[in-house]
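This report covers the fold of one chain, its contacts with a partner chain, and the confidence assigned by the predictor.

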Amino acid sequence: MNAELVSELDAPRQRTARARFVTALGPLTALAGAIWAIVQPYRITLLHPHGQGFWWLFVEPPLLVIVVGLFFYFAIVPGLLADMEEDRATSR
Amino acid sequence: MQPPAEHVHWLFATGFLLLGLCLLAEAVVGTEVWRQRAWRAYLWPGLAFGLGVFMWPVMTFFTNSTIHMIAHGAWAEVLMAAGAVELALVRGKIHSPWWQLAMAAALAVSGSALLVHEQNAWFFQRSSFLHHLLGWTVLVAAVVPLVRCVRPRSQVAATAFALTFIFIAVSLYCDRDVAPVFGHISPLAGPPHR
């Protein structure tokens with residue numbers, strides 16, 4: 001029975017769980033925005049634009065949530081995952 | 001071209017949501033990994049500083065009352081100060097974890113300003129209720145940076161800090177003019193707005 005083998009196996013599994021969590025953050029945020037848009041469609045003024053002013057057409061809260069989720073997923077997560085992998089490789 | 005107050009809240013909510021996601025990711029992956037790229041290290045302090053800068057136009061153009069102007073001005077100052085301190089910490093110009101007290105002060109002042117400048121105790125009205133909810137939440141959340149002074153590497157404190165900003169974002173997104181929040185408890189709530 002070698003306790004070292006167990007600790008060696010645990011560390012990468014924990015990192016993978018963290019990577020999965022970070023990867024899921026963006027899509028979950030975008031999903032929350034999409035669900036919000038479906039539940040309260042009247043909050044997307046673009047669906048009924050007639051007679052609306054600039055700000056009512058420009059600022060659409062559910063769409064903003066989706067944009068934040070997608071921005072986080074495509075702009076921030078890829079580099080972060082690469083750095084996590086690099087950090088894991090150097091700590092081995 | 002001046003946006004309605006609720007739209008300003010929604011735009012700030014978007015900034016706070018991005019801030020919260022970044023802080024949550026940093027709490028999960030660890031500060032060392034998060035700061036491996038310079039732009040990522042400066043993202044959170046830069047956003048905090050930027051939100052402080054954008055508070056000045058809010059103070060200038062939304063002059064409902066003197067207390068509104070004072071509250072928004074105080075917010076702008078403390079957000080910019082806290083952002084600047086975080087920038088200096090990331091840059092390595094200052095090192096002591098006690099500089100986190102600047103963020104604790106920022107949250108305490110922000111919470112107090114939220115409570116003070118919402119003078120209506122109309123809890124049936126959405127924006128009034130949310131100001132009180134946000135005020136007390138932010139005031140209590142000022143404890144989190146205090147904990148981070150004592151335990152800078154605490155993952156629980158880092159996660160709580162991130163979730164505070166996500167909660168602020170959700171609350172700000174809920175802000176809608178004079179819409180009722182608890183149904184038509186009072187006739188003063190008026191007709192429901194979208």
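In what order do the elements of chain B run from the N terminus on? The order is α-α-α-α-α-α-α-α. The model is predicted, and in it chain B has eight helices and zero strands.

Chain B has 194 residues, and 39% of them are buried.

The next topic is the interface. On the chain A side, 20 residues are in contact with 19 residues of chain B. Two helices of chain A, H1 (3–39) and H3 (61–91), each supply at least two residues of the side that touches chain B. H3(A) has the largest share of that side, with eleven residues. Sorted by class, the side of chain A that touches chain B holds 14 nonpolar residues, two polar residues and four charged residues.

Confidence comes last. The mean pLDDT of chain B is 85, and 87% of its residues score at least 70. The table gives the helices of chain B at the two ends of the confidence range.

| Helix of chain B | Residues | Mean pLDDT |
|---|---|---|
| H6, lowest | residues 126–141 | pLDDT 86 |
| H8, highest | residues 155–174 | pLDDT 92 |

For the complex, the predictor gives an ipTM of 0.82 and a pTM of 0.84.

Notes: Residues numbered from 1 in each chain as written. Chains lettered and ligands numbered in written order. Predicted model: local features only at pLDDT ≥ 70, side-chain atom pairs only at ≥ 80, totals over all residues. Helix = DSSP H or I, 4+ residues; strand = E, 2+ residues; numbered from the N terminus. Buried ≥ 20, exposed ≤ 12 C-beta atoms within 10 Å, placed from the backbone. Contact = placed C-beta atoms within 7 Å. Nonpolar A, V, L, I, M, F, W, Y, C, P; charged D, E, K, R; others polar. pLDDT = per-residue confidence, 0-100.
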